[in-house]
Amino acid sequence: MDGHTMAMENVQTYESEGVITQWESDRVGISHHAIPALKWPAMTMNFRLPPEIAANSLPAGTPVAFSFVKTDTAYQLLTLTPLKR
């Protein structure tokens, strides 16, 4: 097992729900609920978009469930799923 794979196994994944506020080619703005595991209150922030998510843009106002990890330089989305409301 290489170092990169081992490092990813130890990375904490976080989950929340929120609403898309903006969509750009490489990042998305999400107004999300509080994330107790990070001691974050509800807020709006930008997340990096991996190419497989960026290819399926969602309009502002779309409610979503999402998961992400903290990288050395940003918060990287892993999943982004529109919610039916």
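**Entry 1: strands**

I began with β4 and strand β5 (residues 75–82), which are joined by seven bridges and run antiparallel. I took strands as DSSP runs of E with at least two residues, and helices as runs of H or I with at least four, both numbered from the N terminus. Two strands pair if DSSP finds at least two bridges between them. The model I looked at is predicted, so I noted that local features need pLDDT of at least 70, that side-chain atom pairs count only at pLDDT 80 or more, and that totals for chains, interfaces and linings use all residues. Residues are numbered from 1 along each chain as its sequence is written, and side-chain values use heavy atoms, with hydrogens and water left out.

Between β4 and β5 I found a hairpin that passes through four residues. Opposite Phe68 I found Leu77 of β5. I then looked up β1 (residues 13–23), which runs antiparallel to β4 and is joined to β4 by seven bridges. The bridge partner of Thr13 is Val69 in β4.

I wrote down the whole pattern along the sequence as α-β-β-β-α-β-β, with two helices and five strands.

**Entry 2: burial and the core**

How many residues of strand β4 are buried? I found six of the eight residues in β4 (residues 63–70) buried. Buried means under 20% relative accessible area, exposed over 50%, and partly exposed in between, with a 1.4 Å probe and protein chains only. In the protein, buried residues make up 32% of the 85 residues.

I looked up the largest nonpolar core and found 16 residues; Ile30, Phe47, Phe66, Phe68, Leu77 and Leu80 have the most contacts inside it. Each of β1, β2, β3, β4 and β5 supplies at least two residues of this core. β4 gives the most, with three residues. A nonpolar core here is a set of buried Ala, Val, Leu, Ile, Met, Phe, Trp, Tyr and Cys residues joined through side-chain atoms within 4.5 Å. My general note is that nonpolar side chains tend to be buried together in soluble globular proteins.

**Entry 3: rings and contacts**

I listed one aromatic cluster, formed by Tyr14, Trp40, Phe47, Phe66, Phe68 and Tyr75. The count of aromatic pairs comes to seven. Rings of Phe, Tyr and Trp (its six-membered ring) pair if their centres lie within 6.5 Å; planes under 30 degrees apart are stacked, over 60 edge-to-face, and the rest tilted.

Leaving aside neighbours within four places in sequence, I found Phe47 in contact with residues including Ile30, His32, Phe66, Phe68, Tyr75 and Leu77. Contact means heavy atoms within 4.5 Å.

Is His32 buried or exposed? His32 is buried, at a relative accessible area of 3%, and its place is in strand β2 (residues 27–32). Among the residues it touches, not counting those up to four places away in sequence, are Ser16, Trp40, Met43, Phe47 and Phe66.

**Entry 4: Lys39 and a charged pair**

I found Lys39 in the loop between β2 and β3 (43–48). Lys39 is exposed, with a relative accessible area of 76%. Its phi is near 60°, a positive value in a residue other than glycine.

I found one salt bridge in the structure. Arg27 forms a salt bridge with Asp26, with the closest N and O atoms 3.7 Å apart. The rule asks for a side-chain nitrogen of Lys or Arg within 4 Å of a carboxyl oxygen of Asp or Glu. Arg27 is partly exposed at 28% relative accessible area, and Asp26 is partly exposed at 39%.
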